[in-house]
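Thanks for coming. I have one structure to go through, and I will keep it short. Please have a look at it first.

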Amino acid sequence: MASWNSFPLEICYQTLGWIAFFSWSFSFYPQVILNYKRKSVVGLNFDFLVLNVTKHTSYLIYNVVLFFSPVVQRQYREKYGFDELIPVAANDVAFSMHAVLLTLFTLYQVIIYERGNQKVSKICTSISSVVWIIAIVCVILASQSHSWLWLISVFNSIQVVMTAIKYIPQAWMNFRRKSTVGWSIGNILLDLLGGVMNFAQMGLQSIDQGTLVNFYGNIGKTLLSLEVVFFDLLFIVQHYILYPFKTDTFPVISEETFVTPLLKSPDTSEESSNV
């Protein structure tokens, strides 16, 4: 059975993992609080939320199955070596569960708060539908051959792709509005910290084991950290450098300006403050 060679490194690994958990978990709350204070979700891209549900659900499936299933763990070690540690920690499972719940709650806020005339785009709906159809087909194929490690790797790949895609609508919306009002920067700063800690955690495991297997054995976690850092830095540049103007009078986003959000409602003027 694989084990840690250094107890101090194991403690540091667990510490960094839980720092990543709290950073990523708390990163959901600034947006939730901002929505509550404004009683509005205007400025929050709904495509981002819908894509985020698929992303976090896929990541939850991967983490839970690999962390708890002896069958999948055996298949992992048969592929990568019986002396290799499983590349999923308890903090990964806890974060995924929390992320799904908070994303669903934010979607609930979209339903109950002022949203202008924003709605979910047809492109987003199509992408989400295609992804889940592919996932269902893969489940059927895997059940016939018992290729469970391959199946959760598919879900891991889905979360990587969805992570890359989900940020684009919000970044584009910020660019078109020339504003980040309605989009919480607190979310981004905590998200960035979580991404850095997550990558550092994997680095410590590699140092202890003397191998890079955990990086490519859980390529989804590796790419997730890199994607998070890249897009968070982009949002930081948008918020603090490109569009630092914080005055709270912005026109409601029109459907002609860009295609986004969930349910139509009458046009209104929005007064908001940025976090």
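How are α8 and α10 oriented to each other, roughly parallel or roughly antiparallel? Before I answer, note that this is a predicted model. Helix α8 covers residues 185-209 and helix α10 covers residues 219-242. Their axes come within 8 Å and cross at roughly 150°. Angles over 145 degrees count as roughly antiparallel, and α8 and α10 are therefore roughly antiparallel to each other. The crossing of α8 past α10 is left-handed.

Now the contact itself. On the α8 side, the residues include I185, L189, L192, V196, F199 and M202. On the α10 side they include L226, V229, L233, I236 and Y240. D191 of α8 takes part too, as do K221 and D232 of α10. By class, the residues of this contact divide into 14 nonpolar, six polar and three charged.

Next, the annotation. An unreviewed UniProt entry places "transmembrane region" at several spans, among them 57-73, 123-142, 180-202 and 222-243. I checked two of these against the model. Residues 57-73 are 94% helix and 0% strand, with the end C-alpha atoms 20 Å apart. Residues 123-142 are 100% helix and 0% strand, and there the end C-alpha atoms lie 28 Å apart.

Last, salt bridges. The structure holds two. One of them joins R74 and E78, whose closest N and O atoms are 3.0 Å apart. Both residues sit in helix α4, residues 70-80, and because they are four residues apart there, about one helical turn separates R74 from E78.

That is what I have.

Key
Residues are numbered from 1 along each chain as its sequence is written. This is a predicted model: local features need pLDDT of at least 70, side-chain atom pairs count only at pLDDT 80 or more; totals for chains, interfaces and linings use all residues. Side-chain values use heavy atoms; hydrogens and water are left out. Axes are lines fitted to C-alpha atoms, for helices over the stretch in contact, and angles run from 0 to 180 degrees between N-to-C directions. Helices (H or I, at least four residues) and strands (E, at least two) are DSSP runs, numbered from the N terminus. Angles under 35 degrees count as roughly parallel, over 145 as roughly antiparallel, 65 to 115 as roughly perpendicular and the rest as oblique. A crossing is left-handed if the near helix is turned anticlockwise from the far one by less than a right angle, and right-handed if clockwise. Contact means heavy atoms within 4.5 Å. Ala, Val, Leu, Ile, Met, Phe, Trp, Tyr, Cys and Pro count as nonpolar, Asp, Glu, Lys and Arg as charged, and the others, Gly among them, as polar. UniProt positions are given in the numbering used here, feature names are shortened, and annotations may be inferred rather than shown by experiment. A salt bridge is a side-chain nitrogen of Lys or Arg within 4 Å of a carboxyl oxygen of Asp or Glu.
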